[in-house]
Amino acid sequence: MQKNEHLLYLEALNRRDMLNTPELNTEFNNLTKGHEGEELFSNYFQTYAHQNWVLFEDYWFNIEGPGQADKLILSDNLWYLIDTKHYTGHLVYQNRTVTINNKRYRNIFNDMETRTSKIQQIAAQISTNITIKPVIVFTGNDFTYTLHDPVHMDIVIRTAIRQFIQTLPYTHPLTNHTQTLKTLNKYRTPYNKHYDRLTPEAFPQLKKGIYCPNCHKYNTRKHKSAIYCPNCQIEEHLPALINRHATELLYLFPNHPQILTATNLYELMGKQFSRNTILNHLKNNFESIKKSQYTYYQPTPK
Ligand SMILES: [Zn+2]
């Protein structure tokens, strides 16, 4: 599955030495591990799920307040609402409190109940016959749990994911596909609304230069109209190189598309290729938008 925009943002921050608080570092590590867990689930789903099920991933929505669903598995009258958690250790749920290895955590079971009722409200706009089945999937390798309080959802641990997916009951295909997706999208919100993002004032602090697209090290060498990585022994040529850095700038400043100018790209790439070369590439491959003082570029719609 695709990485979500927030993980792409944090990865870009990491490469430009901008994960500069313990909170951002923790978030980056958690999200990277979480992505592995979600990918594991998606891969099993692609391989083992009955073809009638439709998987809808990484859904951020707002209905009487914001919410997020890792995955929805859809059919006409039954939806599985899946939340994946990549924890390790022993989880205990007692007196409405969640601890893992004796450390207090968010009440993920409460969160799931709230999320379920919100998804139920969205589903009700399509049909009142849709049942929502909430499932928490624990994707961590070394994970066990003990529940003293009741929870109103299924729990699946890593070693049981394959069986869970294989035994999803045979169902009728999602016949009202268009209306279902239209309704889900009606309540969708962009990721960017949920997080603080860099503002253009931070641009001077970014680490500058060209890192290898494969090993991400900065010791690349310029070689004619390409860069060469001595570790990976690979070359990357100019068009791909400029596109990659343009994409990176937009990941870093998702709320400020005007950041993508020839000068900024020239600086981000460590001034290793001339500003004119970069400008020409942008002119020929991107859409230009003129402001009074400067011109910025955006990817041409496909
Ligand atoms: Zn490399």
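This dialogue walks through the features of one predicted model.

User: What should I know before I start?

Analyst: Residues are numbered from 1 along each chain as its sequence is written. The model is predicted, so local features need pLDDT of at least 70 and side-chain atom pairs count only at pLDDT 80 or more, while totals for chains, interfaces and linings use all residues.

User: How many helices and strands are in the chain?

Analyst: Helices (H or I, at least four residues) and strands (E, at least two) are DSSP runs, numbered from the N terminus. Here the chain has 8 helices and 14 strands. Its C-alpha trace spans about 65 × 45 × 35 Å along the principal axes.

User: What share of the residues is buried?

Analyst: Count C-beta atoms, placed from the backbone. A residue is buried if 20 or more others lie within 10 Å of its own, exposed if 12 or fewer, and partly exposed in between. Of the 302 residues in the chain, 23% are buried.

User: How do I read contacts?

Analyst: Two residues are in contact if their C-beta atoms, placed from the backbone, lie within 7 Å. Residues 24 or more positions apart account for 56% of them.

User: Now sheets. How do strands pair?

Analyst: Strands of a sheet pair through backbone hydrogen bonds, either parallel or antiparallel. The test here is that DSSP finds at least two bridges between two strands.

User: Which way do β3 and β7 run, parallel or antiparallel?

Analyst: Parallel. 8 bridges join β3 (residues 78–85) to β7 (residues 131–138). Ile82 stands opposite Val135 in β7.

User: What is the strand order in the open sheet of 4 strands?

Analyst: The order is β6-β5-β4-β8, with mixed pairing. The edge strands are β6 (103–105) and β8 (143–147), and each pairs on one side only. Neighbouring strands are turned by 25° against each other on average, direction ignored. Within this sheet, β4 (residues 89–94) and β5 (residues 97–100) are antiparallel over 4 bridges. Tyr93 has Val98 in β5 as its bridge partner.

User: How do I read a hairpin?

Analyst: β11 (residues 226–229) and β12 (residues 234–237) run antiparallel, joined by 4 bridges. Tyr228 stands opposite Glu235 in β12. There are 4 residues between the strands, and Gln233 takes a positive phi near 55°.

User: Which residues of helix α8 are buried?

Analyst: In α8 (residues 275–285), they are Ile278, His281 and Leu282. They sit on the same side of α8, because they cover an arc of only 100° around the axis. That arc is of the directions from the helix axis to the C-beta atoms. The face turned away from the buried side carries the exposed residues Asn276 and Asn284. What covers the buried residues includes α6 (238–252), α7 (262–268), β13 (286–290) and β14 (295–299).

User: Why does Asn264 count as buried?

Analyst: Asn264 counts as buried because it has 21 C-beta neighbours inside 10 Å. Asn264 lies in helix α7. Leaving out residues up to four places away in sequence, Asn264 touches Phe203, Leu249 and Ile259.

User: Which residues touch the most other members of the largest nonpolar core?

Analyst: A nonpolar core is a set of buried Ala, Val, Leu, Ile, Met, Phe, Trp, Tyr and Cys residues joined through C-beta atoms within 7 Å. The largest one has 26 residues, and Leu249, Leu260, Leu265, Met269 and Ile278 touch the most other members. α1 (5–15), α6, α7 and α8 each supply at least two residues of this core. α6 gives the most, with 5 residues.

Key
Axes fitted to C-alpha atoms, helices over the stretch in contact; angles between N-to-C directions.
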